[in-house]
Amino acid sequence: MTALDMRGAVIPLALIAVAELWARAVDLQSDSLAAPSAIFMAGAKALASGEMLAATGETLVCALGGLAIGFVLGAFTGILLGIFRALDHLSEVTFELLRPIPSVALIPVAMLIFGFGYWTETSIVAFTTFWPGFLLTRAAVRGVEPRLFEVVRSLEMNLPDTIRKIVVPAVLPRMFVALRLAAGISLIVAVTVEITANPVGMGARMMSASQALRPDLTFAYLLWIGVVGWSLNAVMEFVQKRLLGPAVPLPRSGA
Amino acid sequence: MILQRLLWLAASTAVFAALVVIWHLVVENGLINRVFLPTPVSTWEALYAGILHGSLLGAWGETVRRMIYGWLFASLLGVVLGALIGMSAQARAYMSGILEFIRPLPASAVVPVAIVLLGLTEYMVLAVIAFGAVWPTLLATVHGFASVEPRLYEVGQSLRMSRWDVVRKISLPNSVPDILSGMRISVTVALILTVVGEMLTGRPGLGSAIISSARMFQAPQLFAGVILLGITGYVSSILLNLAEARLLRWRS
C-alpha cells in the first residue's frame, strides 16, 4: 500500500522539480507563469495573513449551507416518491424537465433575485445538490427489501414511524454515498459561481489575483482549492467508514 | 401495460400544466415581483420572438457548437490517454497521485489560469471545456481497462496477440460501457463550462445572452435562455441514451 502511494508521488514531484529548474534557468519574470517556489511562498503568505482561510470559510459556508438545504430536501422528496409510486408517476414530467437545467444557467436568475452575496451561491448549490439527494435516495428506497414493507402493513405503522424506523435505517448507507457525492459537487458549484459572478470566497480571490497579474497567487489558490476538495472527500470517506463500515462504491457523476 | 404508462404520462403532464398555471396566477396577482419572475406567457413570447426574429437562435447555435467541439476533443483525448494509462498497472500506479488530486478539483478553477495564459479568447473557452470534460471520460476509460476479466488477457497471451490487438479486440470493447458513462458526464461538464466561459468572456452564446438579460432586468429573455439551456441538456442526454442503447445491444 505504501509502495503504491510512493509511486503516485513520483510524477507530481518530478513535474515540480522540472518547473522549478526551468523557471530558475530562464530567470522567469512573467505575468502568466510562476516558479513552484514562488507559488508556494505566495500561498504560505496568503495562508499566514488569514486571507486564504477567510476565503475558504466563505466558500465552505455557501457550499455546506447549500448542501444542507438541497440534500435534505432532495432526500426527503426521494423517500416520499420512493414510498408512494403514484406521486412519483405524477411528478415525473416536472422533474424530468427541471433536472437537465445546467446549474450555472441559474447564476443570472439567482443574481436577479438575491444580488451578489451568500444567498446567490447557496441557492444554486442547493438546486444542484437536490438532484443526487433525490435520485439516489429514491433509488435506494425502491431497493428496500419488500418484506420490510409487509412488516409495516402487518404492524399497521403510521407514515412517520415507517420512515423513521424502517426506511431511513434501510437506506442510510446508500444515502451517505449520495451525500459524499453531493458534498464534492457542492464545492465545485460554489467555486464555479464565485469565479463566474459572485465576489465571495476562494473563486473570487483567485479571479482577482489573476486580474492583478499575480500568477503566483493564482496558482496558489488553484492548488489550495484542490487541497480543500481533496480534504473534504477524505473527511467524508473517513466518516462513512467509521459510521457505516466497509465503503460502498461511489457512483461517478458530474455537476 | 403501455396504456397504463401513457395514462400516467398524461396525468404527469397535467400536473406540470397545473404548475405552470399556478406560476401564471402567482405572478399575475403580484405575489412575486415580475422583475424576478416573468409570467409563463411573456417567457414563451420572449422565447418565440428570440428564436424567430431575435438573436437567441444564433446564440444557441454558438453554444451548441462550442459544447460539441470541446466535448468531442475531450472524449477522444480521454479515451486515448485513459487507454494508455489503463493498459498497465505500472502506469496506473504512477498516475494515481495526479488523478486523485485532479478528480475533486472544480474544472472551473482553471479558468483564471486559462485567462492569464490565453486571454479572453475563443481558444480559452475551448481549452477550458476540453480540459474540464476530459477527466470523466479519462477516469472511466482507466477504470474500464483495469476491470477487464483477467482471463481474457490470458487468452490473448496464449493466442500470441500483439499489444495493439489486445487493446483493440479485448480491452477497448470491454470498456465501452464505462467509456460511454464517462462521456455522458463529460457532456454535462462541457455544457456547464461552455456557459461559464461565455459568461466570463462575453463571446456570443447563451451564457452571455442570459447574463446580459439579467443585467438589463429582462426577466422573460433571461428565462427563455435558461429554458433553451435546459433543452440542450435534455436533448444531449437523450441522444447519449440512444447511442448507449444501440452500442450496448450485445449486452442484453
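Mentor: Start with a definition. Helix axes are lines fitted to C-alpha atoms over the stretch in contact, and the angle between two of them runs from 0 to 180 degrees between N-to-C directions. Keep in mind that this is a predicted model.

Trainee: Got it. At what angle do α9(A) and α11(A) pack?

Mentor: At about 170 degrees, with their axes 10 Å apart. Angles over 145 count as roughly antiparallel. That makes α9(A) roughly antiparallel to α11(A).

Trainee: Which residues make that contact?

Mentor: From α9(A), they include A:Leu172, A:Phe176 and A:Leu187. From α11(A), they include A:Ile225, A:Leu232 and A:Met236. By class, the contact has eleven nonpolar, four polar and two charged residues.

Trainee: How far does α11(A) reach from its first C-alpha to its last?

Mentor: It reaches 43 Å, with 30 residues. That is close to the 44 Å expected at 1.5 Å a residue.

Trainee: Which residues of α11(A) are buried?

Mentor: Among them are A:Pro215, A:Phe219, A:Tyr221, A:Trp224 and A:Gly229. The cover over the buried residues of α11(A) includes α2, α3, α9 and α10 of chain A. It also includes α5 (111-118) of chain B.

Trainee: Let's zoom out. How many helices and strands does chain A have?

Mentor: Eleven helices and zero strands. The C-alpha trace of chain A spans about 80 × 50 × 30 Å along its principal axes. Of its 255 residues, 42% count as buried.

Trainee: And what share of the contacts in chain A comes from residues 24 or more positions apart?

Mentor: 76%, counting contacts with a separation of 6 or more.

Trainee: Chain B came up. How many residues does each chain put into the contact between them?

Mentor: Chain A gives 50 residues and chain B gives 52. On the side of chain A, the helices that each supply at least two residues include α1, α9 and α10. The largest share, nine residues, comes from α11(A).

Trainee: What classes are the residues on that side of chain A?

Mentor: They divide into 30 nonpolar, 16 polar and four charged.

Trainee: New topic, α7(A). Is that helix largely enclosed or open?

Mentor: Largely enclosed by the rest of the structure, because 20 of its 25 residues are buried.

Trainee: Where does the kink in α7(A) lie?

Mentor: At A:Thr129, shortly before the proline A:Pro132. The kink is about 25 degrees.

Trainee: How far apart are the end C-alpha atoms of α7(A)?

Mentor: They are 36 Å apart. At 1.5 Å a residue, the 25 residues should span 36 Å, which agrees.

Trainee: One more pair. How do α3(A) and α10(A) pack?

Mentor: At an angle of about 135 degrees, with their axes 6 Å apart. The two helices are therefore oblique to each other. The contact includes A:Ala55 and A:Cys62 of α3(A), along with A:Met202 and A:Arg205 of α10(A). Its residues divide into three nonpolar, four polar and two charged.

Trainee: Last stop, chain B. Where does B:Gly58 lie?

Mentor: In helix α3 of chain B, residues 56-87.

Trainee: Why does B:Gly58 count as partly exposed?

Mentor: Because it has 14 other C-beta atoms within 10 Å. A buried residue needs 20 or more, and an exposed one has 12 or fewer.

Trainee: How far is B:Gly58 from B:Asn174?

Mentor: Their C-alpha atoms are separated by 40 Å. Along the chain, the two are 116 residues apart.

Note on methods
Residues are numbered from 1 along each chain as its sequence is written. Chains are lettered from A and ligands numbered from 1 in the order in which they are written. This is a predicted model: local features need pLDDT of at least 70, side-chain atom pairs count only at pLDDT 80 or more; totals for chains, interfaces and linings use all residues. Helices (H or I, at least four residues) and strands (E, at least two) are DSSP runs, numbered from the N terminus. Two residues are in contact if their C-beta atoms, placed from the backbone, lie within 7 Å. Ala, Val, Leu, Ile, Met, Phe, Trp, Tyr, Cys and Pro count as nonpolar, Asp, Glu, Lys and Arg as charged, and the others, Gly among them, as polar. The expected span of a helix is 1.5 Å times one less than its number of residues. The bend at a residue is the angle between axes fitted to the seven residues ending there and the seven starting there. Angles under 35 degrees count as roughly parallel, over 145 as roughly antiparallel, 65 to 115 as roughly perpendicular and the rest as oblique.
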